[in-house]
Amino acid sequence: MTPEELVAGHTVYSCVMGSRAFGLATEGSDTDVRGIYLAPTPLFWRFEKPPTHVEGPAEEQFSWELERFCELALRANPNILECLHSPLVEHIDDTGRELLALRGAFLSRQAHVTFARYALSQRKKLDADVRQHGAPRWKHAMHLLRLLMSCRDLLRTGELTIDVGAERGRLLAVRRGEFSWPEVESWMTRLATESDEAATATPLPPEPDRARVAEFLFRVRRDSALKADAYDEVVQRVVPGGGR
């Protein structure tokens with residue numbers, strides 16, 4: 001089974017991410033599609049395992065195998081967690097709906113560390129642009145502000161919301177370069193401080209609920225294996241000597 005066939009035939013959930021999901025789309029914005037596929041369990045019984053991720057087949061499309069996605073989500077990877085909270089769902093089946101019902105199990109205080117670490121790496125890139133070119137890449141500055149807002153609000157409420165809502169106008173003004181870099185720097189610093197303060201009283205648990213996620217993965221793998229066995233039994237009856 002090719003990677004493209006895995007995505008085409010076994011995707012359990014796909015959504016639109018990027019500016020369109022964040023409420024920051026403009027006329028020229030790309031449509032970034034992110035998906036999760038469930039590789040059939042028998043594929044793991046071979047020496048060559050199914051891929052953990054697939055790029056494409058469409059432009060701006062990227063998918064993860066379910067187990068890999070869950071591993072990254074349990075580590076509070078910002079990009080992964082946000083996929084489970086996109087308001088723009090393109091495709092979802094029963095397994096995908098179970099995964100969405102579990103999305104709270106992935107949230108924990110670890111998000112403060114991972115979001116802050118990612119924000120710091122992006123901030124260093126912006127600072128380098130300012131040193132070299134006298135100004136940052138304003139689109140990147142806008143998205144960093146959005147991430148910092150999302151982190152702060154997650155720590156305050158225990159819920160992850162990725163649409164910027166009423167902040168859309170101000171953020172798009174940043175993208176257009178209508179704020180000075182010192183103003184944007186000050187805004188970023190204030191958001192980071194607010195996140196640190198929120199972390200001291202966050203309703204989020206210290207750790208994600210790994211047991212719930214592990215039980216979910218075990219069950220979907222088992223069900224996939226049982227379906228494969230049932231299929232082989234039918235093949236054996238219809239075509240003697242067929243099947244595995």
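**Why the labels apply: helices, rings and cysteines**

Mentor: Let us begin with helix H8 (residues 168-175), in which Leu171, Leu172, Ala173 and Val174 are the buried residues. Please keep in mind throughout that the model is predicted.

Trainee: Against which helices do the buried residues of H8 pack?

Mentor: They pack against helix H7 (138-157) and helix H9 (181-199). After H8 comes Gly177, with a positive phi near 75°.

Trainee: How many helices and strands are there in the protein chain?

Mentor: The protein chain has ten helices and five strands. Its C-alpha trace spans about 75 × 40 × 30 Å along the principal axes. Of its 244 residues, 45% count as buried.

Trainee: H7 and H9 have been named as partners of H8. What makes Trp138 and Trp181 an aromatic pair that is edge-to-face?

Mentor: First, the count of aromatic pairs in this structure is four. For Trp138 and Trp181, the distance is 6.5 Å centre to centre and the angle between the planes is 65°. A pair requires centres within 6.5 Å, and edge-to-face requires planes over 60 degrees apart. The pair of Trp138 and Trp181 is therefore edge-to-face. Trp138 belongs to helix H7 and Trp181 to helix H9, 43 residues apart, and the pair thus links distant parts of the chain. Both of these residues are buried.

Trainee: Why is the pair of Phe62 and Trp64 called edge-to-face?

Mentor: The ring centres of Phe62 and Trp64 are 5.1 Å apart, and their planes stand at 65°.

Trainee: Why is Trp64 called buried?

Mentor: The relative accessible area of Trp64 is 12%. Buried means under 20%, so Trp64 is buried.

Trainee: How do you know whether Lys139 counts as buried, partly exposed or exposed?

Mentor: Lys139 has its place in helix H7, and its relative accessibility is 40%. The label buried needs a value under 20%, and exposed needs one over 50%. Lys139 lies in between, so it counts as partly exposed. Lys139 is also 126 residues from Tyr13 in sequence, and the two are 28 Å apart in space, C-alpha to C-alpha.

Trainee: What makes Glu194 buried?

Mentor: Glu194, which lies in helix H9, has a relative accessible area of 18%. That value is under the 20% limit, so Glu194 is buried. Apart from neighbours within four places in sequence, Glu194 is in contact with Arg152 and Arg156.

Trainee: How many disulfides does the structure hold?

Mentor: The structure holds zero disulfides. Cys15 is in none, and the nearest cysteine sulfur, that of Cys83, is 4.7 Å away.

Trainee: Why is the sulfur of Cys83 too far for a bond?

Mentor: The closest cysteine sulfur to that of Cys83 is in Cys15, at 4.7 Å. A disulfide needs two cysteine sulfur atoms within 2.5 Å. Cys15 counts as buried because its relative accessibility is 0%. Cys83 also counts as buried, because its value is 3%.

Trainee: Where does Pro57 lie?

Mentor: Pro57 is in the loop between strand E3 (53-55) and strand E4 (61-65). A cis peptide bond joins Gly56 and Pro57, with omega about 5°. Glu60 is found in the loop between E3 and E4 as well. The phi of Glu60 is positive, near 60°, in a residue other than glycine. Glu60 is partly exposed, because its relative accessible area is 38% and the label covers values between 20% and 50%.

Trainee: What makes Ala76 buried?

Mentor: The relative accessible area of Ala76 is 1%. Under 20% is the requirement, so Ala76 is buried. Ala76 is found in the loop between helix H3 (66-74) and helix H4 (78-83). Its phi is near 65°, a positive value in a residue other than glycine.

Notes
Residues numbered from 1 in each chain as written. Predicted model: local features only at pLDDT ≥ 70, side-chain atom pairs only at ≥ 80, totals over all residues. Heavy atoms only, no water. Helix = DSSP H or I, 4+ residues; strand = E, 2+ residues; numbered from the N terminus. Buried < 20%, exposed > 50% of the residue type's maximum accessible area, 1.4 Å probe, protein only. Contact = heavy atoms within 4.5 Å. Phe/Tyr/Trp six-rings, centres within 6.5 Å; stacked < 30°, edge-to-face > 60°.
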